[in-house]
Amino acid sequence: MFERPDVGERAVLVHIDFTAHDGTEDPGEFRELVTSAGVEPVCTVTGSRKQPSPRFFVGEGKLEEIRDAVAANEADVVLFNHALSPRQERNIEHELKCRVLDRTGVILDIFAQRARTHEGKLQVELAQLEHMSTRLVRGWTHLERQKGGIGLRGPGETQLETDRRLLRERIKSIHKRLEKVRRQRNQGRRARERADIPTVSLVGYTNAGKSTLFNRITTSSVYAADQLFATLDPTLRRLELPDIGPVVMADTVGFIRHLPHKLVEAFRATLEETTQATLLLHIIDCHDPRRDENIEQVEEVLAEIGADEIPMLQVFNKIDLLENFTPRVERNEEGIPVRAWVSAVTGEGLDGLFDAIVERVAEDVVHHFVLLGPADGKLRALLHEAGSVLSEDYRDSGDTVVEVRLQNRDWQQLLSRAGVNEKSIRLDGGHA
């Protein structure tokens, strides 16, 4: 669609520190983003300004430095670690005579490469079209061309107007198809809710090791690589947990600081698995020097999508990169597991993490000692059928003290099916 220079594989990166702006991007992270996009960074141009230039984003002297870097390194594209306006992109391209992309464009390119499912591809296309819709003007050299045509163009409509109309129609079409996907996903989620199946959702900053940990826990084969945004589509696996039974575990897209709002909107359907989870596992790269900032960024996105009230267990991953660190599970004042230190690569600490997940998901599990008489045979049979009996102690009177452990909702259902009053069989008020 665009008459613009092609994007090659050699890139000059541009990172500017602005003294008047907070929240400067990380140049190291941007280099990782570029590498993840399959582009070779050949040079990084850095500088500092009080604020961006309205025309070129950078000053004319810095623009000349970028031009020299492109020529010296035979670069095909210039990538800015910042958000550029359509006008700035157009002006810089005109001056440099090569393709220019901003940070959002790089992220969109990675998303386009990584999306595997039909839904993921639709979401990527939607984000690309919405990003492109503000930049249509820059590519056309024939904006004055006018054509009429039945069913194609209105009389006198310019090429630019036509393209905008086609974009709007395509965006509307994708929104409808995504809405259908959301309805299908909701049907699957409601079916799990009717079956009382808990969902554990993995969230975290991109490249924190979510997919590697997911593979370890579920013995799955989800694509995992040392790249940013290796996973874009939600992957669901069914697990059997002690005392709990079946649990659905979901691996989701990684978060990144200053993720453009349109991308969050475009991927809201993917992140809905997070908003409906029973428990969130917040996977954290404990070796990352910006660990605390990454944690804050993830929590901001969770708040933005309405998932900040869901119970969370922090999982500090990659302890194999720390010296002489022993895996452990940390608890709060109430004795509830809140943080686990593990290595998804070596498997260290995974047993403790698994126990912590069981404990957090099973917060409504009851542990009772009940006195069952000969007339309570139906309840006893149901408890054995559910696999909830831990031990039995037979008394001379013919009664039996049965130790049971199961989820409270299952306990209440079994009592109802057997027609037994809980107060008549519990010993000493029950032992939790």
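1. Start with helix α11 and what it hides. In this predicted model, the buried residues of α11 are L350, L353, A356, I357, V358, R360 and V361.

2. As for its build, α11 covers residues 350–361, twelve residues in total. From first C-alpha to last it reaches 16 Å, which is close to the 16 Å expected at 1.5 Å a residue. As a reminder, an α-helix has 3.6 residues a turn, so residues three or four places apart point the same way.

3. Now for a neighbour of α11. Two packed helices are described by the angle between their axes and the distance between the axes. Here the partner is α7, residues 210–218, and the two axes come within 12 Å and cross at roughly 80°. Because of that angle, α7 counts as roughly perpendicular to α11.

4. Which residues make the contact? On the α7 side they are L213, R216 and I217, and on the α11 side L350, L353, F354 and I357. By class, that gives six nonpolar residues, one charged and no polar ones.

5. Zooming out, the chain has 14 helices and 16 strands. It runs to 432 residues, and 50% of them count as buried.

6. Two whole-chain figures to finish. Among contacts with a separation of 6 or more, 70% are between residues 24 or more positions apart. The accessible surface is about 21,100 Å², with 47% of it belonging to carbon and sulfur atoms.

Terms used. Residues numbered from 1 in each chain as written. Predicted model: local features only at pLDDT ≥ 70, side-chain atom pairs only at ≥ 80, totals over all residues. Heavy atoms only, no water. Helix = DSSP H or I, 4+ residues; strand = E, 2+ residues; numbered from the N terminus. Expected span 1.5 Å × (residues − 1). Buried < 20%, exposed > 50% of the residue type's maximum accessible area, 1.4 Å probe, protein only. Contact = heavy atoms within 4.5 Å. Areas by Shrake-Rupley, 256 points an atom, 1.4 Å probe, with all protein chains shown as cover. Axes fitted to C-alpha atoms, helices over the stretch in contact; angles between N-to-C directions. Parallel < 35°, antiparallel > 145°, perpendicular 65-115°, else oblique. Nonpolar A, V, L, I, M, F, W, Y, C, P; charged D, E, K, R; others polar.
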